[in-house]
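Dear colleague,

Please find below the structure that I am handing over to you, with its sequence. My notes on it follow.

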Amino acid sequence: MARAVTVIPATASRISPINKTKVDKKRVAAYARVSTDNEEQLQSFEAQMDYYTNHIKSNPDWIFVNVYTDEGISATSTKKRDGFNRMIEDALNGKIDLIITKSVSRFARNTVDTLTTVRKLKEKGVEVYFEKENIYTLDSKGELLITIMSSLAQEESRSISENVTWGQRKRFADGKLSLPYKNFLGYTKGEDGYPKIVEEEAKIVRLIYKLFLEGKTPLSIAEYLTENNILTPAGKKVWHQSTVLSILQNEKYKGDAILQKTFTVDFLTKKIKRNEGEVPQYYVENSHPAIIAPEVFDLVQMELKNRKEVKGYKTGGSCFSGKIVCGDCGSFYGRKVWHSNSKYRRVIWQCNSKFKNDEKCTTPHLYEDKIKKAFVEVFNSLIENKEEILKGYEDILKALTDTTKLDKESVKLQNELEIVTEMIRKCVEENAHRALNQVEYNEKYRALVVRYENIKREIERIEEKRLQQSAKKESILEFIKELKQREDLITEFDEEVWIGTIDKVVVNREGKISFVFKDGMEVEWDI
């Protein structure tokens, strides 16, 4: 028997069966975006909105839904584009039949995002029209054309990103500095384009450094600034210790600048990473006016390092916080109050780790009034021998200032580092172009890397030594200044003299303590 074929005519539209609501007129929306918020772009943005609103409303077969917009947003990813994402959500929920946009590059500069979004819309019967390219996505050739055009747009975005990156790195190499002035305390952009000191803000920076060198922690400094209604660099009322720490560690406050601390990993995701040697950095000396003297900055870096290496560092309102050290375990002493609610109330200082170690510390607790009395006696003994003490400092300061030997050693190591870096590069290049024995190659490569790391450590050691010399010199100068201006014996405890002269007090067994002054001099005393 011959086959019989009966044609069953189509009764449904091409629109996805999921969207069953029959629409006589097309519900039309438009999408407009500008990638920057400068005046010229914003004028273009307003023009796009007016154009699409009038264009859609003037067509009798269309129903105006909305003009979805994003201002100052990059198209390389759709993640942060709220207007775009809201439009797609409305379209997938059956509120839009047609989306009009200027071009593929306005829609997205990421090929994957473009195709994924277009296919999702296509499944729901929603069409996108790209005016510049004259592409309708429901057209059979639409997807091929979109793939080509969005790939070109993505490459254009890559090219722009690379050009911007090249420009930034060229500026860095030329030593040109730019600061995030809105969130940077102490500076504003001067008429010549370079940083200019804002004295009112600079006072806050100097105060932070002063409080830190007096023994305060970044946390206690943050609390002090908050309590005194001093605004943060971002103009907020509450300070955090991380903000204080970043100010204490930022080399820009001593007039220098490290450029390219971070870099953009991927132009599509805009992910920023801390530079850990992946791209070059540039250190520019005397790039702008300094708020903090270089010697004071170095002293703070040394103090930060020293505090990391000790246990139990805490500070309160007392000038003794962070100054008294246990001779047994190396931990700091902390303030305790005995019999706080009675007439026998006494303030004592005790090792913070006394009962935390495997063996209980045998160092005694100290009464605050006895510490003060002992300091007055020790400092007066220095004043009585002031002339003799000050005689020997000229040669010491000269030795600390002379870094010629360290400089020569550093230059030698830097040259060696460059040679080893080139050897590593050639080693990798040779392996890429020739068939080498991989065991031998790996051994050679590892040996070069070890050599490279050893040289880097030596350079760091020299820089550490230079920093120590600078910090030591600053401590001695501060001690000499304090000692010189004291002509008469002191009759009572003076907090300023204590802060200006004492580095630490080491408490030993059997009631003996050692006063270590900022010049390195150590005086043992019975208490």
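What covers the buried residues of helix 8? The cover includes helix 6 (199-213), helix 7 and helix 9 (294-308). Please bear in mind throughout that this is a predicted model.

I begin with the overall picture. The protein has 15 helices and 18 strands, and 40% of its 527 residues count as buried. Of the contacts between residues at least 6 apart in sequence, 61% join residues at least 24 apart.

The buried residues of helix 8 are Val244, Ile247 and Leu248. Viewed down the axis of helix 8, these buried residues fall within an arc of 100°, so they line one face of the helix. An α-helix has 3.6 residues a turn, so residues three or four places apart point the same way.

Helix 7 (residues 218-227) packs against helix 8 (residues 241-249) at an angle of about 110°, and the two axes are 8 Å apart. The two helices are therefore roughly perpendicular to each other. On the side of helix 7, the contact is made by Pro218, Leu219, Ile221, Ala222 and Leu225; on the side of helix 8, it is made by Gln241, Val244, Leu245 and Leu248. These residues divide into 8 nonpolar, 1 polar and no charged.

The loop between helix 7 and helix 8 contains asparagine 229. This residue has a positive phi of about 55°, although it is not a glycine. With a relative accessibility of 67%, asparagine 229 counts as exposed.

Helix 6

Helix 6 has 15 residues and reaches 21 Å from its first C-alpha to its last, close to the 21 Å expected at 1.5 Å a residue. Its buried residues are Ala202, Ile204, Val205, Ile208, Tyr209, Leu211 and Phe212. Strand 7 (195-197), helix 7, helix 8 and helix 9 are included in what covers them. Just after helix 6, glycine 215 takes a positive phi of about 115°.

Helix 9

Leucine 299 is found in helix 9. Is leucine 299 buried or exposed? At 12% relative accessibility, leucine 299 counts as buried. Leaving aside residues up to four places away in sequence, leucine 299 touches Leu213, Ala471, Glu474 and Ser475. Leucine 299 and lysine 473 lie 174 residues apart in sequence, and their C-alpha atoms are 9.1 Å apart in space.

Helix 13

Helix 13 (residues 404-433) has 30 residues and reaches 44 Å from its first C-alpha to its last, close to the 44 Å expected at 1.5 Å a residue. The residues buried in helix 13 are Leu406, Ser410, Leu413, Leu417, Val420, Ile424, Cys427 and Asn431. Against which element do they pack? The buried residues of helix 13 pack against helix 14 (438-484).

Helix 1

Finally, aspartate 50 is found in helix 1 (residues 39-57). Its relative accessibility is 48%, and aspartate 50 therefore counts as partly exposed. The C-alpha atoms of aspartate 50 and valine 67 are separated by 9.2 Å, with the two residues 17 apart along the chain.

With kind regards

How values were computed: Residues are numbered from 1 along each chain as its sequence is written. This is a predicted model: local features need pLDDT of at least 70, side-chain atom pairs count only at pLDDT 80 or more; totals for chains, interfaces and linings use all residues. Side-chain values use heavy atoms; hydrogens and water are left out. Axes are lines fitted to C-alpha atoms, for helices over the stretch in contact, and angles run from 0 to 180 degrees between N-to-C directions. Helices (H or I, at least four residues) and strands (E, at least two) are DSSP runs, numbered from the N terminus. Angles under 35 degrees count as roughly parallel, over 145 as roughly antiparallel, 65 to 115 as roughly perpendicular and the rest as oblique. Contact means heavy atoms within 4.5 Å. Ala, Val, Leu, Ile, Met, Phe, Trp, Tyr, Cys and Pro count as nonpolar, Asp, Glu, Lys and Arg as charged, and the others, Gly among them, as polar. The expected span of a helix is 1.5 Å times one less than its number of residues. Buried means under 20% relative accessible area, exposed over 50%, partly exposed in between (1.4 Å probe, protein chains only). The arc is that of the directions from the helix axis to the C-beta atoms.
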